[in-house]
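Please look over the structure below before reading the notes. The points that follow are grouped by topic.

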Amino acid sequence: MIEDVVKELGHLSLGTRLRRLGETLQAQTQSVLAAHGFEQPAAYFPLLAALDRLGPLSVGELSQAVGVSQPVITRSLRGLEDDGLVGSETSEADRRVRRIALSRKGRGLVQRAQREAWPAIEAAVAQACAALSGDLLSQLTALEDALVEAPLLQRVQP
């Protein structure tokens, strides 16, 4: 087996390691969503959740709410609009600002996800994290190992 250089570099490669872990969680979350009948990219769901929780938002506000850059938000919104999950209107107060809101279809999708998929994903990630202890790098190793040993989809299936 080849040495995991990123893991061995410790704090020097922490950003790369966190990104890798995020990509693993994102991909495994996508598998759980698909198993529950959701076809949308996992990356859409934080945006949908923010709009559900906070109501209509500008692109900048949505960017702040989920901690993702505005260009990423704008690209994601195109897909969400194409799927009929969100709509937008120009703000009355400032015509340069576009307000994004869930459509009826988007609200239905969020409600179904809240019932069917999100609790399963939450529980699976919590289960993967349950045994973590020690310093951050040790915890990252344990979480990475746990996700290889039993991916989220395996953890949500009875």
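A pocket here is an open set of grid points with protein on both sides within 12 Å along at least five of seven lines, and its lining residues have an atom within 4 Å of a point. The model is predicted. The protein chain has nine helices and three strands, and 33% of its 158 residues are buried.

**Largest pocket**

- Helix α7 gives the largest share of the lining of the largest pocket, namely five residues.
- At least two lining residues come from each of α2, α3, α5 and α7.
- The space in this largest pocket is about 540 Å³.
- The lining of the largest pocket has 19 residues, and those closest to the pocket's centre are Gln26, Thr29, Ala42, Phe45 and Pro46.

**Overall layout**

- Along the sequence, the elements of the protein chain follow the pattern α-α-α-β-α-α-β-β-α-α-α-α.
- A box of roughly 55 × 40 × 25 Å, taken along the principal axes, is filled by the C-alpha atoms of the protein chain.
- Of the contacts between residues at least 6 apart in sequence, 53% join residues at least 24 apart.

**The sheet**

- The three strands make an open sheet with the order β1-β3-β2, and their pairing is antiparallel.
- Strands β1 (57–58) and β2 (86–90) are the edge strands, each pairing on one side only.
- Strands β1 and β3 run antiparallel and are joined by two bridges.
- Leu57 has Ile100, in β3, as its bridge partner.

**Nonpolar core**

- In soluble globular proteins, nonpolar side chains tend to be buried together.
- In this model, the largest nonpolar core contains 34 residues, and Leu48, Leu62, Leu77, Leu80 and Val86 have the most contacts inside it.
- Elements that each supply at least two residues of this core include the helices α2 (14–35), α3 (44–54), α4 (59–66) and α5 (70–82). Strand β3 (98–102) and the helices α6 (104–116), α7 (118–129) and α8 (136–149) also each supply at least two.
- Helix α3 provides the largest share of this core, six residues.
- Which residues does Val86 contact, leaving aside its neighbours within four places in sequence? They are Leu48, Leu51, Leu77, Leu80, Glu81, Ile100, Ala101, Leu102 and Ser103.

**Salt bridges**

- How many salt bridges are there? The count comes to nine.
- Arg20 and Asp4 form a salt bridge in which the closest N and O atoms are 3.0 Å apart. This pair links distant parts of the chain, since Arg20 is in helix α2 and Asp4 is in the segment before α1 (5–8), 16 residues apart.
- Is Arg20 buried, exposed or partly exposed? Arg20 has a relative accessible area of 26%, so it counts as partly exposed. Asp4 is also partly exposed, because its relative accessibility is 26%.
- Arg99 and Glu61 meet through their side chains in a salt bridge, at 2.8 Å from N to O. Here too the pair links distant parts of the chain: Arg99 lies in strand β3 and Glu61 in helix α4, 38 residues apart.
- Arg99 has a relative accessible area of 28% and is therefore partly exposed. Glu61, with a relative accessible area of 32%, is partly exposed.
- Arg115 forms a salt bridge with Glu116, with the closest N and O atoms 3.8 Å apart. Arg115 counts as exposed because its relative accessibility is 57%, whereas Glu116, at 32%, is partly exposed.

- Val125 sits in helix α7.
- Is Val125 buried or partly exposed? Its relative accessible area is 25%, so Val125 is partly exposed; a buried residue would be under 20%.
- Leaving aside neighbours within four places in sequence, Val125 is in contact with Leu25 and Leu152.
- Val125 and Val6 are 119 residues apart along the chain, and their C-alpha atoms are separated by 23 Å.

Note on methods: Residues numbered from 1 in each chain as written. Predicted model: local features only at pLDDT ≥ 70, side-chain atom pairs only at ≥ 80, totals over all residues. Heavy atoms only, no water. Core = buried A, V, L, I, M, F, W, Y, C linked by side-chain atoms within 4.5 Å. Buried < 20%, exposed > 50% of the residue type's maximum accessible area, 1.4 Å probe, protein only. Helix = DSSP H or I, 4+ residues; strand = E, 2+ residues; numbered from the N terminus. Contact = heavy atoms within 4.5 Å. Pairing = 2+ DSSP bridges. Salt bridge = Lys/Arg side-chain N within 4 Å of Asp/Glu carboxyl O. 1 Å grid on protein atoms, 1.4 Å probe; cavity = no way out; pocket = protein on both sides within 12 Å on 5 of 7 lines; lining within 4 Å. Points joined across faces, edges and corners; volume = space filled by probe spheres on them.
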